[in-house]
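Q: Could you walk me through one part of this model at close range? I would like the local detail, with the cut-offs behind each term.

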Amino acid sequence: MLHGVLLITLFSCAAFYIGEMDFVTSLSLSPMIVGIVLGMLYANSLRNNLPETWVPGIQFCSKRILRIGIILYGFRLTFQDVTAVGLASVIVDAIIVVGTISIGLLVGRLMKMDRGITLLTSVGSAICGAAAVLGAESAIRTKAYKTAVAVSTVVIFGTLSMFVYPVLYRNGVFDLSPEQMGIFAGSTIHEVAHVVGAGNAMGESVSSTAIIVKMIRVMMLVPVLLILTWSVARAIAKSGEEGEKGKINIPWFAILFLVVIAFNSFDLLPSSVVQFINVFDTFLLTMAMTALGAETSIEKFKKAGAKPFVLALVLQLWLVAGGYCLAKWFVPMMM
């Protein structure tokens with residue numbers, strides 16, 4: 001197992017190094033995204049030469065280390081963030097999250113998509129991109145290639161949004177005040193890194209609101225994972241499958257994620273310590289993403305087909321149209 005863990009650690013170090021290059025930082029691509037790309041490159045080149053004894057170490061990174069990373073992600077958030085932007089932003093986030101997941105499940109059913117990929121893509125689009133996909137994957141325990149497919153869709157459309165939103169805002173297509181635009185961007189752009197990139201391109205007044213709204217959206221990962229775990233267990237029980245699969249497996253990492261947020265809200269740790277924890281957490285999540293990529297081959301992408309990207313496109317259209325309407329007309333009503 002140790003050899004597999006060390007292999008993934010090496011790839012993650014390379015992902016951090018590449019992530020600091022100017023070209024990568026200009027795209028606001030996190031080391032996590034670089035990590036899954038490196039993992040997939042490895043899976044489609046040298047993977048067959050890997051000793052079988054190393055595989056448990058890779059799986060350990062994609063499961064156990066992933067959950068530790070999700071828990072420590074809570075050090076990026078505080079409950080004070082909620083009060084900073086007001087009730088309207090919380091309601092907008094809630095509508096976007098519920099609406100995105102509901103539409104995703106409906107469209108996925110209409111297209112007769114794989115349920116695992118549908119859930120992962122919908123949750124990733126609804127909450128916080130790759131991190132949400134990883135959390136959902138750990139809750140429903142699906143195959144690694146399905147996670148990689150879902151991550152690919154949210155990264156593509158999140159990156160596009162990061163470039164398109166500032167252009168449309170600067171040219172007056174998005175006729176919103178800086179605060180409204182911040183709420184719109186924070187509630188509809190996928191990745192936290194993409195929100196930061198788009199916000200910086202639109203000005204500090206937009207960026208500050210967008211990041212806080214995005215952080216509130218990330219907090220909604222906890223109730224979503226609890227509901228998702230319950231619904232999956234209920235569906236399995238109804239299908240008549242025997243054994244332990246029908247039981248509800250509470251995602252304790254999600255509960256601990258909330259506990260960490262509560263602890264961080266008291267501001268007990270020095271900022272330097274919190275900053276170190278956040279960097280370390282990013283490294284752990286990068287290891288998890290790299291491990292998932294190492295289990296994903298081109299053949300598995302072909303097996304998934306174009307449907308996941310069609311689903312992601314439909315969800316993106318909903319995010320833009322629904323989010324804009326909420327920011328334009330609902331938010332002023334609540335103020």
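A: Here is a walk along some helices and the loops that join them. The model is predicted, so local features need pLDDT of at least 70 and side-chain atom pairs pLDDT 80 or more, while totals for chains, interfaces and linings use all residues. Residues are numbered from 1 along each chain as its sequence is written, and side-chain values use heavy atoms, without hydrogens or water.

Start with the loop between helix H6 (87-110) and helix H7 (115-126), where Lys112 lies. Helices are DSSP runs of H or I, at least four residues, numbered from the N terminus. Lys112 counts as exposed, at 73% relative accessibility. Exposed means over 50% relative accessible area, buried under 20%, and partly exposed in between (1.4 Å probe, protein chains only). The phi of Lys112 is positive, near 55 degrees. Most residues other than glycine have a negative phi.

Now step into H7, to Thr118. Thr118 is buried, with a relative accessible area of 4%. Its side chain reaches the backbone oxygen of Asp114 at 2.9 Å. Thr118 also touches Gly104, Leu105, Gly108, Met113 and Leu311 (contact: heavy atoms within 4.5 Å), leaving aside residues up to four places away in sequence.

Next comes helix H9 (residues 144-170), which holds Phe163. Phe163 is partly exposed, at 42% relative accessible area. Together with Ile156, Leu160 and Val164, Phe163 makes a nonpolar surface patch of about 340 Å². Such a patch joins nonpolar side chains (Val, Leu, Ile, Met, Phe, Trp, Tyr) within 5 Å, from residues with over 30% relative accessible area and no salt bridge. A salt bridge is a side-chain nitrogen of Lys or Arg within 4 Å of a carboxyl oxygen of Asp or Glu.

H9 also takes part in the packing around helix H11 (residues 192-202). The buried residues of H11 are Val192, His194, Val195, Gly197, Ala198, Gly199 and Met202. They pack against H9, helix H10 (178-188) and helix H12 (204-219). Gly203 follows H11, with a positive phi near 110 degrees.

One more loop deserves a look. Asp267 sits between helix H14 (252-265) and helix H15 (271-294). Its phi is also positive, near 55 degrees, in a residue other than glycine. At 62% relative accessibility, Asp267 counts as exposed.

Key. Patches are made of residues with over 30% relative accessible area and no salt bridge: like charges are joined within 9 Å, nonpolar side chains (Val, Leu, Ile, Met, Phe, Trp, Tyr) within 5 Å. Accessible areas come from the Shrake-Rupley method with a 1.4 Å probe; for residues, only the protein chains shown count as cover. Helices (H or I, at least four residues) and strands (E, at least two) are DSSP runs, numbered from the N terminus. A polar contact is a pair of N or O atoms within 3.5 Å; within protein, one must be able to donate a hydrogen and the other to accept it, and residues adjacent in sequence count only if both atoms are side-chain atoms.
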